[in-house]
Amino acid sequence: MSKIDDIMKDLVIANRILANEDVVDAYGHVSIRHPDKPNHFFLSRSLAPELVEFDDIVEFGLDGQPVRDEKRPLYLERFIHAGILEARPDVMAVVHAHAEDILPFGIAAETPLRPVIHAGSFIGAHVPVWDIAETFGDSTNVLVSNIEQARDLAKKLAGNNVVLMSGHGFASAAKSLIEVVRMSVYLPRNARVLQKAKTLGGKIRYLSQGEIDARNKGYSPYSTETWRTWEYWANKCGCGKLLNRPDGGPIYVHEHKHK
Ligand code: MN
């Protein structure tokens with residue numbers, strides 16, 4: 001199997017995991033940069049992530065347009081991926097979703113979303129909030145429907161890992177697909193814990209910068225701990241057979257788990 005085939009399989013797994021872990025529903029999407037052509041990326045055609053198969057994946061340029069003739073409908077918000085991948089050469093994969101637990105932090109922007117649980121550390125100490133109305137006025141449909149809006153969103157993301165989109169959702173970015181999926185699964189969980197803690201009252205104990213840095217130190221998508229989540233979630237959503245790992249490490253495929 002070629003490297004591109006393996007990346008396609010990983011992208012199918014990523015779509016299914018995000019659906020199965022309730023990060024996306026009919027809406028939301030995940031992309032990966034082309035490993036050999038940094039100005040291209042892969043993203044599904046317009047389809048609920050739960051249903052994405054190998055043949056649904058389309059190759060795009062950083063203008064958000066498909067590089068080959070494509071008749072099938074595409075995600076309106078594919079520009080989010082183009083804008084972030086254009087602005088951040090260090091980023092290899094992007095998720096956009098509307099997970100409900102993060103939405104309060106996008107509209108009550110004076111209450112910042114910050115890491116409070118160890119698995120939430122990867123969202124980083126600062127999670128900026130982007131309000132489309134700040135640049136584009138109060139008559140947009142709130143969706144990112146062109147490259148100018150996406151570039152503005154990417155500017156707000158800046159060097160951070162996650163940007164909240166006011167009244168809409170979030171975009172997350174990482175240096176690998178496994179990392180961006182893992183971060184996007186734990187982002188709503190971290191938000192839920194933080195919001196619950198706030199209802200208890202009193203001072204919130206956030207993760208410190210030192211704790212966040214310590215978690216990031218030596219982080220690798222194929223380390224035993226990180227692979228464990230990817231392998232588990234992939235099997236849980238019936239994609240164990242698509243698993244592949246370039247480091248040649250062991251892969252567990254749950255033979256009895258079929259969706
Ligand atoms: Mn959206």
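The following legends describe close-up views of a predicted model. Residues are numbered from 1 along each chain as its sequence is written. In this predicted model, local features need pLDDT of at least 70 and side-chain atom pairs count only at pLDDT 80 or more, while totals for chains, interfaces and linings use all residues.

Figure 1. Helices (H or I, at least four residues) and strands (E, at least two) are DSSP runs, numbered from the N terminus. The C-alpha trace spans about 55 × 40 × 30 Å along its principal axes. Of the 259 residues, 39% are buried. A residue is buried if 20 or more other C-beta atoms lie within 10 Å of its own, exposed if 12 or fewer, and partly exposed in between, with C-beta atoms placed from the backbone.

**Figure 2. The buried residues of helix H5 (residues 147-157).** Gln149, Ala150, Leu153, Ala154 and Leu157 are the buried residues here. Seen down the axis of H5, they fall within an arc of 140°, so they line one face of the helix. The arc is that of the directions from the helix axis to the C-beta atoms. The packing partners of these residues are helices H2 (79-87) and H4 (132-136), together with strands S5 (129-130), S6 (162-165) and S7 (169-174).

Figure 3. Ala158 belongs to the loop between H5 and S6. Its phi is near 50°, a positive value in a residue other than glycine. Ala158 is exposed, with 11 other C-beta atoms within 10 Å.

**Figure 4. The contact between helix H1 (residues 3-20) and helix H6 (residues 177-200).** The two axes come within 11 Å and cross at roughly 0°. That makes H1 roughly parallel to H6. Axes are lines fitted to C-alpha atoms, for helices over the stretch in contact, and angles run from 0 to 180 degrees between N-to-C directions. Angles under 35 degrees count as roughly parallel, over 145 as roughly antiparallel, 65 to 115 as roughly perpendicular and the rest as oblique. H1 contributes Asp10, Leu11, Ala14, Ile17 and Leu18 to the contact, and H6 contributes Leu177, Val181 and Ser184. Two residues are in contact if their C-beta atoms, placed from the backbone, lie within 7 Å.

**Figure 5. Asp22, in the loop between H1 and strand S1 (29-33).** Although Asp22 is not a glycine, its phi is positive, at about 65°. Asp22 counts as partly exposed, with 14 C-beta neighbours inside 10 Å.

**Figure 6. Pro49, in the loop between strand S2 (40-44) and S3.** Pro49 counts as buried, with 25 C-beta neighbours inside 10 Å. Leaving aside neighbours within four places in sequence, Pro49 is in contact with residues including Asn15, Leu18, Val24 and Val30. The C-alpha atoms of Pro49 and Leu18 are separated by 7.5 Å, although these residues are 31 residues apart along the chain.

**Figure 7. Gly61, in strand S3 (residues 57-61).** Gly61 has 15 C-beta neighbours inside 10 Å and counts as partly exposed. Leaving aside neighbours within four places in sequence, Gly61 is in contact with Asn39, His40 and Val67.
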